Amino acid sequence: MSRILVIATRNPDKLREITHLFQALSIDVRSFAEFSHVAPVIEDRPTIFENAMKKAMEVAEQVGHWVLADDTGLFVDALEGAPGVMSARYSGPEATYASNVNKLLSELEGVPETKRNALFRTVIALRTEKSLHLVEGELHGRIATEPRGQHGFGYDPVFELPDGRTLAELEFEEKNRISHRALALQRTKRLMEELLKLEF
Ligand code: IMP
């Protein structure tokens, strides 16, 4: 009988990406949505590391299986790391992707290209019955002066890669090869291969 891994996300795109990546592992990947009794986790910690850990631990306690939880932030040097852990709600409780991008661009108004460095960081927390692991993935770039591109979501239209394209100008597959989340997930996959040998 294979072990169950519950993905603590209600985002169907993330779930699809993770299920696809982990399909070769001898683990049964399940959606959080199948566990309707699980209480929502409030992401109120001061860092994305702590939020990911909190989510993984609280959900694992309720479902009794291995749990994977992630949290992502955009960290801009000229803004001393903002929006960081507040990336989803940067422009307030009713924030949308567009209002967050607008706030970011206005905070950076007048900041020259050479000082617009930024990075995306994803932290993945993996809770097994015996251990808790944290894995991260990063993507370096800079914030453009105006949005470009039609793909992706969130801050993608203003996140410029070293080659000058924004993340929103990349096709889905290309972004999912190089992104902060993809790197963290690939590392998590390798870790799980080892854990499945040790903890089975
Ligand atoms: P989450 O932890 O994955 O929900 O990410 C928090 C916030 O960061 C989201 O609401 C998005 O605004 C932003 N974000 C996360 N990942 C990405 C990405 O790959 N591209 C652009 N924005 C992202």
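Ala, Val, Leu, Ile, Met, Phe, Trp, Tyr, Cys and Pro count here as nonpolar, Asp, Glu, Lys and Arg as charged, and the others, Gly among them, as polar.

**Setting up.** I am working with a predicted model, where local features need pLDDT of at least 70 and side-chain atom pairs count only at pLDDT 80 or more, while totals for chains, interfaces and linings use all residues. Residues are numbered from 1 along each chain as its sequence is written, and side-chain values use heavy atoms, with hydrogens and water left out.

**Largest pocket.** I looked up pockets on a 1 Å grid over the protein atoms alone: a pocket is an open set of points where a 1.4 Å probe fits, with protein on both sides within 12 Å along at least five of seven lines, and lining residues have an atom within 4 Å of a point. The largest one has a volume of about 780 Å³, taken as the space filled by probe spheres set on the points, which are joined across faces, edges and corners. I found 32 lining residues, with Lys-14, Glu-43, Asp-71, Thr-72 and Ala-88 nearest the centre. Helices (H or I, at least four residues) and strands (E, at least two) are DSSP runs numbered from the N terminus. Two or more lining residues come from each of α2 (48–63), β3 (66–76), α3 (97–107) and α5 (180–198), and β3 has the largest share, five residues. By class I noted 14 nonpolar, eight polar and ten charged.

**Second largest pocket.** This one has a volume of about 300 Å³. Its lining holds 17 residues, and Asp-13, Phe-153, Phe-172, Lys-175 and Asn-176 are the closest to its centre. Helix α1 (12–21) gives the most, four residues, and α4 (172–178) supplies at least two. The classes are four nonpolar, five polar and eight charged.

**Strands β1 and β2.** Next I followed β1 (residues 3–7), which pairs with β2 in the parallel sense over five bridges; pairing takes at least two DSSP bridges. Val-6 stands opposite Arg-30 in β2. Buried means under 20% relative accessible area (1.4 Å probe, protein chains only).

**Core.** A nonpolar core is a set of buried Ala, Val, Leu, Ile, Met, Phe, Trp, Tyr and Cys residues joined through side-chain atoms within 4.5 Å. In the largest, with 19 residues, Val-6, Val-38, Val-59, Val-63 and Val-67 touch the most other members. I see at least two residues each from β1, α2, β3 and β5 (117–127), with α2 giving the largest share, six.

Note on methods:
Buried < 20%, exposed > 50% of the residue type's maximum accessible area, 1.4 Å probe, protein only.
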